[in-house]
Amino acid sequence: MVGFFGPCLIGKTTTMKQLKKLLPLAHLEHDRMRLFLKKKRFGAEKTNQILYRYKLIIHVAKKFLLKNYSVIIDRNFATPHQDFLRAAEDLAKKLKTKFFLIRITAPKWFILRKIKTMQLKPASQGGIPNREAGLNCYLYALKNYKKYYEKLKPRAMTTIDTSKLITQQ
């Protein structure tokens, strides 16, 4: 089981999709689960309850792990919802498997350039509403880096820099 952490727009999902191409992993995407629930017209409160309180992605991961699949849990494990990390680690321990935490990083200049030049995907497809919202999310993550990200660095098995090709790392 693989999980990761890193600021907004740093390329976490893109990196996980690349890893999936290199390794035989089931890719479980938290954002897609949110969009699915939204399309099924669950209200925001019920959607959040299912995703965060009941930790839907952890339950789905368990189903795959019990069938001997390896999984990528595509959600940021450094967000304020710290109990996701604990739940993933507890699940790995219970199923006698390993949980690998990966740090995703990139230089600030690289992400700022990315935000200015990236093709925007509509929020209805899991994207950001506009560049300003993306920039604000990234800057908020940097402002709170020590609170959410710095403390996880020692637990990461490796770091992937999205400004470099993954095959070179």
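Some ground rules. Since the model is predicted, local features need pLDDT of at least 70 and side-chain atom pairs count only at pLDDT 80 or more, while totals for chains, interfaces and linings use all residues. Residues are numbered from 1 along each chain as its sequence is written, and side-chain values use heavy atoms, with hydrogens and water left out.

I'll start with the cores. In soluble globular proteins, nonpolar side chains tend to be buried together. By nonpolar core I mean a set of buried Ala, Val, Leu, Ile, Met, Phe, Trp, Tyr and Cys residues joined through side-chain atoms within 4.5 Å. Buried is under 20% relative accessible area, exposed is over 50%, and partly exposed is in between, with a 1.4 Å probe and protein chains only.

The largest nonpolar core has 31 residues, and the members that touch the most others are Met-1, Ile-58, Val-71, Ile-73, Phe-77 and Phe-99. Two or more residues come from each of β2 (25-29), α2 (30-39), α3 (44-53), α4, β3 (70-76), α5 (83-94) and α8 (145-148). Those labels are DSSP runs numbered from the N terminus: helices are H or I with at least four residues, strands are E with at least two. The biggest contributor to this core is α5, with 6 residues. There is also a second, separate core of 20 residues, which includes Phe-4, Leu-19, Ile-72 and Ala-106.

What does Ile-58 touch, not counting residues up to four places away in sequence? The list is Ile-73, Phe-84, Ala-87, Ala-88 and Leu-91. Contact here means heavy atoms within 4.5 Å.

Next, Ala-61, in helix α4, residues 56-66. Its relative accessible area is 0%, so Ala-61 is buried. Setting aside neighbours within four places in sequence, Ala-61 is in contact with Leu-28, Val-71, Ile-73 and Leu-91. Thr-79 is 18 residues from Ala-61 in sequence, and the two C-alpha atoms are 19 Å apart.

Now the charged pairs. How many salt bridges does the structure hold? There are 5, where a salt bridge is a side-chain nitrogen of Lys or Arg within 4 Å of a carboxyl oxygen of Asp or Glu. I'll go through some of them.

Arg-34 pairs with Asp-31, with the closest N and O atoms 3.1 Å apart. Both residues lie in helix α2, 3 residues apart, or about one turn of the helix. Arg-34 is partly exposed at 31% relative accessibility, and Asp-31 is partly exposed at 31% as well.

Lys-55 pairs with Asp-83, at 3.2 Å between the closest N and O atoms. This pair links distant parts of the chain, 28 residues apart: Lys-55 is in the loop between α3 and α4, and Asp-83 is in helix α5. Lys-55 is buried, at 16%, whereas Asp-83 is partly exposed, at 27%.

Glu-89 pairs with Arg-155, with the closest N and O atoms 2.3 Å apart. Glu-89 is partly exposed at 28%, and so is Arg-155 at 43%.

Last, Thr-47 in helix α3. Is Thr-47 buried or exposed? At 6% relative accessibility, Thr-47 counts as buried. Beyond four places in sequence, Thr-47 is in contact with Arg-34, Leu-37 and Phe-42.
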